[in-house]
Amino acid sequence: AENWPAVRVARRLFRLPYMDARMSLRWKDGRVEYESVRTHRGEPPAEFRGSYRPTGPAANASPGTLAYFLAERYCLYACGWRGDTRLFRCDIHHRLWPLREAEAEVPVNSMATAAGVTVPARSPHLMFAERLDVAAWWPERVRD
């Protein structure tokens, strides 16, 4: 994230692997153009550059569908890193996401590789949603 206080809060309180980055986002000709370059000290360099756009009408996902399973998360789980095995849960609340089919172009993505993730060669399943307010509660320890 580009906001260093948000990175510190996410890492310390929510145990999320947020890292400092230089980022930009802009709308151009109906597409979102996005770029992120990791600047976090002590972490491997990584970069993402891509653009995406919605291609269909907005609709709420139906329970039991893949879109519902992927989008309608009402809690997050996180554990420490570098050997910390404590597990935390944080409850979240939001309206249903108004999802739209989408397409993307990603000419640069070393973020996945830096995280040890291999991106499959096939086209991804993409959905688009406008901004949505989310409320989150303090994380609670689930396991020591």
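This is a predicted model: local features need pLDDT of at least 70, side-chain atom pairs count only at pLDDT 80 or more; totals for chains, interfaces and linings use all residues.
Strand β4, residues 59–60, pairs with β7 in the antiparallel sense, over two bridges. Within that pairing, N60 stands opposite P98 of β7.

Now step back to the whole chain. The secondary structure comes to three helices and 10 strands. Read along the sequence, the order is α-β-β-β-β-α-β-β-β-α-β-β-β. The C-alpha trace spans about 45 × 35 × 30 Å along its principal axes. The chain has 144 residues, and 25% of them count as buried.

Next come the charged side chains. Side chains of opposite charge can pair when their charged atoms come close. The model has seven salt bridges. Which residues are linked in a network of salt bridges? R31, R53 and E103 are.

Take the E103 to R31 contact. The side chains of E103 and R31 meet in a salt bridge, at 3.5 Å from N to O. E103 is in strand β7 and R31 in strand β2, residues 31–38, so the pair links distant parts of the chain, 72 residues apart. The side chains of E103 and R53 also meet in a salt bridge, at 2.7 Å from N to O. E103 lies in β7 and R53 in β3, so this pair ties together parts that are 50 residues apart in sequence.

R31 comes to 15%. The cut-off for buried is under 20%, so R31 counts as buried.

Another salt bridge joins D91 and R89, whose side chains meet at 2.7 Å from N to O. D91 is partly exposed, with a relative accessible area of 33%. R89 is partly exposed at 31% relative accessibility.

The largest pocket has a volume of about 610 Å³. It is lined by 24 residues, and the closest to its centre are F48, A104, V106, P124 and L126. Several elements give two or more residues to this lining: β1 (21–28), β2, β3, β7, α3 (111–114) and β8. Which element gives the largest share of the lining? β7 does, with five residues. By class, the lining has 17 nonpolar, five polar and two charged residues.

The second largest pocket has a volume of about 180 Å³. Its lining is made up of A1, P17, Y18, M19, D20, A21, M23, S36, R38 and M111. β1 and β2 are the elements that give two or more residues to this lining. By class, seven lining residues are nonpolar, one is polar and two are charged.

The side chain of H40 reaches the backbone nitrogen of D20 at 2.9 Å. Where does H40 lie? H40 is in the loop between β2 and β3. With 12% relative accessibility, H40 counts as buried, because the value is under 20%.

Conventions:
Residues are numbered from 1 along each chain as its sequence is written. Side-chain values use heavy atoms; hydrogens and water are left out. Two strands pair if DSSP finds at least two bridges between them. Helices (H or I, at least four residues) and strands (E, at least two) are DSSP runs, numbered from the N terminus. A salt bridge is a side-chain nitrogen of Lys or Arg within 4 Å of a carboxyl oxygen of Asp or Glu. Buried means under 20% relative accessible area, exposed over 50%, partly exposed in between (1.4 Å probe, protein chains only). On a 1 Å grid over the protein atoms alone, a cavity is a set of points where a 1.4 Å probe fits but cannot get out, and a pocket is an open set with protein on both sides within 12 Å along at least five of seven lines; lining residues have an atom within 4 Å of a point. Grid points are joined across faces, edges and corners, and a volume is the space filled by probe spheres set on the points. Ala, Val, Leu, Ile, Met, Phe, Trp, Tyr, Cys and Pro count as nonpolar, Asp, Glu, Lys and Arg as charged, and the others, Gly among them, as polar. A polar contact is a pair of N or O atoms within 3.5 Å; within protein, one must be able to donate a hydrogen and the other to accept it, and residues adjacent in sequence count only if both atoms are side-chain atoms.
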